[in-house]
Amino acid sequence: MKVAELKAQIQSNTLKSLYIFTGDEWAVQDIYIKQISKVKQVPLKRIDNISSIKGTLGNKTFTSSYSVYVVRDDKEFIREEKLQELIEKKLSDNIIIFLWTKPDKRSKFYKKYANSIVEFEPLAPNILKKYIKQHIDLSDKSCEQLMEICEYDYGRCLLEIDKIKNYMKHLGPAPMQDGILEKFLKEGVIYRPPKDVIFELIDVILDADANKTFNMYENQKQLKDYSVLGFITLLYNNTRALLQVQSYRGNSLAAASGLSQWQINNAKKHLNKRTNEELIRILKLCQRAEQGIKKGILDEKYVVDCLLVSIF
Amino acid sequence: MEFIDCTGVLDAKYSRYKSLLYNKQDIPHFLVFVGFPGSGRHTFVKQYLSKLLSCNVLEYEPGVEGVRDMIDTSYNILAKTIHLIPDMKKMSKAAFNALLKILEEPGDNHYYIAFCNNEYEMPKTIHSRAIFERFVYTYKDIEKFSKTVAMNSDWIPRICNTPGEVLLFRNIYWNIDEWVDYCQKVLDNIADVNICNALKISSKLALKDEEDKIPLEWFFRIVLKLMEQRTFTRQQTFNYGLGIVLDTYDSLAAVRTGVANKSFIFDGWLFDMREAMGVEE
């Protein structure tokens, strides 16, 4: 089920008894959960597992008869078909919203309730901007900057906005300005992960520039804090994309490679700086490094240094 | 998971243990069941052995805390009990040392059973104290089992090692013939396409858990079986075929460790295969 369909059901008050929410956008899921509770005019209850309510479902009290129950990753409910059947019989006008962090598409549970599953995919940038502006008065440019820093994650944006608002209270009455976001970034109020620097390092590796690579690696302190496995994976994925772009002879590169236009454009900046053979060699080195770390053969402290030396 | 022992493997083991008791001998107090997942070890303990001994089965986590929990329980319970550690591979050195303590002096009414895939994945001190019970199925056993559960494809007994794996196909996967066709196409074309298209082969493989695609381990198993029946033309030599088989075995072993990145493993296999087939990038 798409989110738009769920929205239509909420608006027309034709809600089902069971929904399964998946996807990373927890903040948007929260909005819909509250909206469902508001439309049905029943209380919202967060529970640890469904077994805890199987006895009370269908029982009417003086204060309210039904509720919207929210539960996350209840493995027993996923596994036990008898419990599922029992709940289905007793649900009546109650609604259960099952939050499933890592859905297993092969499982019987997924196939049985496929029509009730709503996937909350990351919001499109223009929609995310609209949502952010509902909470804080920022210019378009600052909005885009905030979205980029928070990696287009609405939940994270909300957390940073909350931080900014609380900080602004202490500064006294002052309107939100573009410059304030820059100030917060400089003062570390908003954390900016060292992602830009890591991409710059990978760019110079793919450009086969040994001097720049080692200078950058020595001088950028943020690189030392970056996860070793994360670096290996990033280097691997970028090298692989470059290999695909460099070796393809045809018209429909995106369809043939499965890469997005952004990835293709990125890879094209490094075309022909290294041969295909060298790129395959880098991929094999990354694979050996990753396996070595995970099997405990290689010490993480030295892997990046050895990898860079081996590549050049 | 349901388990119908039409193969007779579990029944044979059950008869052996029953005859031990009938002849007034005791079952060994420390047993290690060696076999792959799906070979019926859990079923044997819970449905056969526990009924034979009329006792409860308690299961523990394979860590130090789990083993200490097992030791405390052994000293506090008088009733006959089977203590089960279902995955010895995950046990640390400290956990093995703790296990050694209880094995030195097991209680009269207590039996300790552990599972492992390979009898050499434990210290020698534990190995020397264990009695090993191997759960192995022949091709005929798997063929018989797969016909009993209405999985009639010829490929099932060729790539499945245990009844549990046959049930996986019946309950979850179903599409073995489609997978074999796909693997055949990969082997036929892998050297003929450019590297960009070759890397796209992985789009049909489950490189992350929970995807509804061909799991990488099954892909390699099918490729190995296809290689067995492949004939070589004059240009191709036995050595290149052997190279492909060895590369695939290495990749399969890497997948089975469960730790390495599957995308990396598959790409590595792909490059090795193309190199073995004489493709110059």
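The model is predicted, and local features need pLDDT of at least 70, side-chain atom pairs count only at pLDDT 80 or more, and totals for chains, interfaces and linings use all residues. Residues are numbered from 1 along each chain as its sequence is written, chains are lettered from A and ligands numbered from 1 in the order in which they are written, and side-chain values use heavy atoms, with hydrogens and water left out.

Chain B contains 13 helices and seven strands; helices (H or I, at least four residues) and strands (E, at least two) are DSSP runs, numbered from the N terminus. Of the 281 residues in chain B, 48% are buried, where buried means under 20% relative accessible area, exposed over 50% and partly exposed in between (1.4 Å probe, protein chains only). Contact means heavy atoms within 4.5 Å. Among the contacts in chain B between residues at least 6 apart in sequence, 72% join residues at least 24 apart.

In chain B, helix α3 (residues 64-76) packs on helix α4 (residues 93-104) at an angle of about 15 degrees, and the axes are 8 Å apart. Axes are lines fitted to C-alpha atoms, for helices over the stretch in contact, and angles run from 0 to 180 degrees between N-to-C directions. α3(B) and α4(B) are therefore roughly parallel to each other; angles under 35 degrees count as roughly parallel, over 145 as roughly antiparallel, 65 to 115 as roughly perpendicular and the rest as oblique. The crossing of α3(B) with α4(B) is left-handed, a term used if the near helix is turned anticlockwise from the far one by less than a right angle, with right-handed used if clockwise. From α3(B), Val64(B), Val67(B), Met70(B), Ile71(B), Ser74(B) and Tyr75(B) meet Ala94(B), Ala95(B), Ala98(B), Leu99(B) and Ile102(B) of α4(B). By class, this contact has 10 nonpolar, one polar and no charged residues (Ala, Val, Leu, Ile, Met, Phe, Trp, Tyr, Cys and Pro count as nonpolar, Asp, Glu, Lys and Arg as charged, and the others, Gly among them, as polar).

Helix α8 (residues 163-173) of chain B is mostly covered, with eight of its 11 residues buried. These are Pro163(B), Gly164(B), Glu165(B), Val166(B), Leu167(B), Phe169(B), Arg170(B) and Tyr173(B). The buried residues of α8(B) pack against α6 (139-148), α7 (155-159), α9 (176-189), β7 (214-215) and α11 (216-228) of chain B.

Trp269(B) belongs to helix α13 (residues 262-276) of chain B and is buried, with a relative accessible area of 0%. Leaving aside neighbours within four places in sequence, Trp269(B) is in contact with Val186(B), Ile190(B), Phe219(B), Phe220(B), Val223(B), Asp247(B), Thr248(B) and Ser251(B). The C-alpha atoms of Trp269(B) and Thr248(B) are separated by 6.7 Å, and the two residues are 21 residues apart along the chain.

Over all chains, 27 aromatic pairs are found. Rings of Phe, Tyr and Trp (its six-membered ring) pair if their centres lie within 6.5 Å; planes under 30 degrees apart count as stacked, over 60 as edge-to-face and the rest as tilted. Phe77(A) and Phe98(A) form a tilted pair, at 5.8 Å centre to centre and with 40 degrees between the planes. This pair links Phe77(A) in helix α3 (residues 75-79) of chain A with Phe98(A) in strand β4 (residues 95-99) of chain A, 21 residues apart. Both Phe77(A) and Phe98(A) are buried. Phe98(A) also forms a tilted pair with Phe109(A), at 5.5 Å centre to centre and 55 degrees between the planes. Phe109(A) is in helix α5 (residues 108-112) of chain A, 11 residues apart from Phe98(A), and both Phe98(A) and Phe109(A) are buried. In chain B, ring pairs link Tyr14(B), Tyr17(B), Phe33(B), Phe44(B), Tyr48(B), Phe115(B) and Phe135(B) into a cluster.

Lys129(A), in helix α6 (residues 125-135) of chain A, counts as buried at 18% relative accessibility. Not counting residues up to four places away in sequence, Lys129(A) touches Asp140(A), Cys143(A), Glu144(A) and Met147(A).

Most residues other than glycine have a negative phi. Gln41(A), which is not a glycine, has a positive phi of about 55 degrees. Gln41(A) lies in the loop between α2 (26-40) and β2 (44-47) of chain A and counts as exposed at 72% relative accessibility. Ala150(B), also not a glycine, has a positive phi of about 60 degrees. Ala150(B) lies in the loop between α6 and α7 of chain B and, at 51% relative accessibility, counts as exposed.
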